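I opened this notebook to record what I looked up in one structure. The entries follow in the order in which I made them.

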Amino acid sequence: MTNTEAIKRYIIIGGGVAGVSAAEAIHSSQPDADITIISEEPNLPYFRMSLTRYLAGEVEREKLTLHDQEWYQQNHIAVLLNTHVGAVDADAKSVTLAGAGKLSYDKLILASGAHPNVPPFPGRELKGVQTLRTLADADLILAVARTRAKVICIGGGLLGLEVAGAVARQGADVTVLEGLDWLLPRQLDAQASAILKKKIEDMGIKVIVPASTKALHGSDTVRSVELGDGQVLPADLVLISTGVSANLELAKSAGLAINRGVLVNEHMETSNPDILAAGDLTEFQGRCYGLWIPAKKQGTVAGQNAAGKVTSFLGDPPSTKLKVLGVDLFSIGQFSPSEEGDRLISESKDGVYKSFLFRDGRMIGSILLGDSSVANKVKAAVEGKQDFSSILGESVNVAGVISAL
């Protein structure tokens, strides 16, 4: 990396946790640096991961903010809100602001995130068809959910289930539709998912799996959802949680190397030496994380490297905790055997499911449903590549694995 001692002007595009973490890291390394965060949203950067808790009434609006205005002022960080960046001129090292001229940079960090995927259902343009990505989205959802509305949640992944649980807390009549064979297909195996499905249904939330959505109907506002099997479900609000795609427009304008995301190395450097990237728009070693913790880590690494302190992002095993449904769930890494010699040790009892997957004696994944009391130890074992070879005899069971953690 080049010597960056003289670099003073940093522009960060994106006000999520990746962007703010980058700003924090730059300021820590260079307290006198000129740092500007540019955000399209009208609100100061906030905990996006807590939007479902805000929907559920667990977190007050003012508690969502990452830092107050005084913090940014004290740390010499300018925040431009309601500001759209139209293009990046990598040769001139400047960014063009919509209707507000240009800003020059010495180092640029792209942290502009991702946008929700909305499948091409007929009727997806109707009013009342909504995704959850911003605080403004959450406010729109709350306004309808509090009227004891009929809400259809399309997508049984992590966000879909948290949104379903949140709006159910507001008194809505909620149905979850998942197109694959079980809920949380990226985090749970079929057995664990069946247990989770029953727990969710016991809360009064209806679940249909697999459910193919054929069309959304209504003259101006959505009124029903038609399924592939011919069922028609009445709906006052349809919430779609079917994944996200990286915001790549600025990366393209800058001529950066991209695939599904902006390609970055372990220093969060892009194909341009003066542009780094972090968070949901990045692709690292073939993977787009789209998760809060990796975004925060990447932002810190990007900020440190931009300011001349060489640090590395070494990846992050995917881990999951449900926040809103009141279900005790932890999932990390791989949960199904995929190579010869993989060893799965599991147990299901009284609505509690625990599984541990080993490869070459090392734990590579786990599911804890109904009792996640050892989650921190499991996370440390997976991330630390702890060797369990000495206890993995023929007779070892879940209790034996837990005692060895």
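**Entry 1: the second largest pocket**

I looked up the second largest pocket and found 18 residues lining it, with L314, D316, P317, V382 and K385 nearest its centre. Two elements, β25 (362-369) and α9 (375-383), each give two or more residues to this lining. The largest share is that of β25, with 3 residues. By class I noted 7 nonpolar, 4 polar and 7 charged residues in the lining of this pocket. The volume of the second largest pocket is about 490 Å³.

I kept the terms here. This is a predicted model, in which local features need pLDDT of at least 70 and side-chain atom pairs count only at pLDDT 80 or more, while totals for chains, interfaces and linings use all residues. Residues are numbered from 1 along each chain as its sequence is written, and side-chain values use heavy atoms, with hydrogens and water left out. On a 1 Å grid over the protein atoms alone, a pocket is an open set of points with protein on both sides within 12 Å along at least five of seven lines, a cavity is a set where a 1.4 Å probe fits but cannot get out, and lining residues have an atom within 4 Å of a point. A volume is the space filled by probe spheres set on the points. Helices (H or I, at least four residues) and strands (E, at least two) are DSSP runs numbered from the N terminus.

**Entry 2: the largest cavity**

How many cavities of 30 Å³ or more are there? I found 1. About 40 Å³ of space lies in the largest cavity. I listed its lining as G15, G16, S39, E41, N43, P45, Y46 and R48. That lining divides into 2 nonpolar, 4 polar and 2 charged residues.

**Entry 3: D280**

I found D280 in the loop between β19 (275-277) and β20 (282-284). Is D280 buried or exposed? D280 is buried, at 18% relative accessible area, where buried means under 20% with a 1.4 Å probe and protein chains only. Its side chain makes a polar contact (N or O atoms within 3.5 Å, one able to donate a hydrogen and the other to accept it) with the side chain of R133, at 2.8 Å.

**Entry 4: an open sheet**

I traced an open sheet of 5 strands, in the order β9-β16-β10-β11-β12, with parallel pairing; strands pair if DSSP finds at least two bridges between them. β9 (129-130) and β12 (206-208) each have a single partner strand, so one side of each has no neighbour in the sheet. β11 (residues 173-177) is joined to β12 by 3 bridges, and L177 stands opposite I208 in β12.

How values were computed: Ala, Val, Leu, Ile, Met, Phe, Trp, Tyr, Cys and Pro count as nonpolar, Asp, Glu, Lys and Arg as charged, and the others, Gly among them, as polar. Buried means under 20% relative accessible area, exposed over 50%, partly exposed in between (1.4 Å probe, protein chains only).
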